[in-house]
Amino acid sequence: MSKTRVVHYINQFFAGIGGEDQADVGPGVVEGPKGPGLVLQKVLEGAGEVVATIYCGDNYANEFEEKARDAFAEYLSRYQPDVVLAGPAFTSGRYGMACGLVCAVARELGIPAVSAMHPENPAVELYRSRIYIAPTAATTAEMLDSISRASTLALKLAGDQPIGSAAEEDYLPRGLRYSRVASDDVGVRTVEMLMKRLRGEAFDTEWPVPSYDRVPPAPPLEALGQSTLAIVTSGGVVPKGNRDGLQSARATRWYAYSIAGQASLSAEDWESIHGGFDTAHANRDPNRIVPLDVLREFEASGAFARLADTLYVTTGNQSGLENAIRFGEEIADELVKTGVEGVIFVAT
Amino acid sequence: MAKEIERRGIPVALISAIAPLPIAVGANRIIGGRAIPHPVGDPALPADEERAFRKMLVSRALDTLTAEVQDQLVLPLEGP
């Protein structure tokens with residue numbers, strides 16, 4: 001069997017060109033291994049050969065991404081590797097981004113690619129769904145270990161061998177799900193997992209839930225009686241007819257609608273287009289989702305000073321976390337701009 | 001969404017019929033609502049009672065806006 005042809009990517013520092021003062025150096029390529037590539041060559045033993053080493057200054061790769069991309073594509077076409085290995089970049093953000101870029105270019109050319117980075121390298125978030133990234137320690141002290149992990153993956157990818165789950169194969173989870181036929185049906189697996197849990201044994205969930213960050217609670221309103229409030233809802237309540245075409249599921253947008261001068265949300269003018277529940281009750285009385293009627297009462301009695309004229313609406317149904325975060329940020333911008341001090345948020 | 005608004009220093013009273021969800025996601029001020037399709041309504045009640053029920057929920061929500069919150073403030077909806 002012929003040896004696997006590997007092209008290695010490193011930055012200007014590991015290529016021996018220089019440190020931060022040389023970070024603007026443009027892309028280049030040399031034949032054979034260089035710097036950490038010598039370790040890689042050793043790890044590959046008889047199975048593979050580092051045929052060329054691509055390098056680039058960390059600033060250049062990030063500031064002139066298009067030019068770097070073109071150069072990388074040209075080098076890869078020239079050397080026709082079976083696989084590309086980039087890094088390890090450890091915690092270096094710019095180096096990580098460059099590694100991700102090289103690997104992405106390789107993938108576009110149909111060449112498998114793997115990088116190695118610390119899980120908290122900012123490039124991980126951007127590239128992990130597209131490429132395989134082996135985890136590394138935070139510093140170069142574990143160069144050999146990091147390269148070993150990445151090269152094991154690289155050889156597998158080059159050999160067209162099936163790649164198992166992130167946990168089995170030791171790469172950073174890519175956030176992708178694959179279907180497979182399980183040995184037992186879901187009932188059996190559920191009871192087995194439950195029994196393990198009851199017995200205090202280790203078990204692996206089939207559906208890990210994302211972990212969420214925490215936001216420090218906003219300070220309380222000191223004088224509610226002098227505060228302006230606004231209503232935000234994920235209940236898909238829109239002017240009847242849904243003129244903006246707000247999606248009933250997987251919403252990518254939110255809308256602002258005027259409720260100025262309205263004493264309540266009338267069923268003649270408003271409806272919920274939410275696709276995740278039966279909207280019949282809400283459509284007979286939209287105040288069941290947006291409590292405008294009683295908020296007007298509280299406003300009139302002076303419980304708070306004023307209700308903002310704008311109702312902020314999206315549909316919370318199979319929403320992606322990224323979109324939800326964006327909606328929150330964008331609506332928060334509007335609230336701050338218009339002097340809103342507190343929010344009543346109704347989630348369906 | 002509620003978290004991103006609170007991040008900007010604006011308190012958010014989140015009324016939800018499935019409190020465990022915002023608790024897990026990390027909302028700070030949570031008020032239990034009646035049901036997913038009508039968090040602040042109850043079609044089983046006569047109109048005047050339903051309105052009183054809604055008023056009670058919104059009143060609790062307003063209370064959370066003036067409450068000093070340390071960890072998470074959760075006001076579950078009691079009774080059927």
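Helices are DSSP runs of H or I with at least four residues, strands are runs of E with at least two, and both are numbered from the N terminus. By that rule, A:Pro122 sits in helix α5 of chain A, residues 122-127.

Before going on, some ground rules. This is a predicted model, where local features need pLDDT of at least 70 and side-chain atom pairs count only at pLDDT 80 or more, while totals for chains, interfaces and linings use all residues. Residues are numbered from 1 along each chain as its sequence is written, chains are lettered from A and ligands numbered from 1 in the order in which they are written, and side-chain values use heavy atoms, with hydrogens and water left out.

Back to chain A. Is A:Pro122 buried or exposed? A:Pro122 is exposed, because its relative accessible area is 53%; exposed means over 50%, buried under 20%, and partly exposed in between, with a 1.4 Å probe and protein chains only. From A:Pro122 to A:Val215 there are 93 residues in sequence and 21 Å in space, C-alpha to C-alpha.

Now A:Ala98, which belongs to helix α4, residues 93-108 of chain A. A:Ala98 has a relative accessible area of 1%, so A:Ala98 is buried. Leaving out residues up to four places away in sequence, A:Ala98 touches A:Tyr9 and A:Ala61, where contact means heavy atoms within 4.5 Å. A:Thr140 is 42 residues from A:Ala98 in sequence and 17 Å away in space, C-alpha to C-alpha.

As for the domains, chain A is divided into domain 1 (4-169) and domain 2 (224-346), with bounds from an automatic or database domain assignment. Taken over C-alpha atoms, the centres of these two domains of chain A are 48 Å apart.

Next, chain B. What is the order of its elements from the N terminus on? The order in chain B is α-β-α-β-α-β, giving three helices and three strands. The C-alpha trace of chain B spans about 40 × 25 × 20 Å along its principal axes.

Of the 80 residues in chain B, 50% are buried. Among contacts in chain B between residues at least 6 apart in sequence, 44% join residues at least 24 apart.
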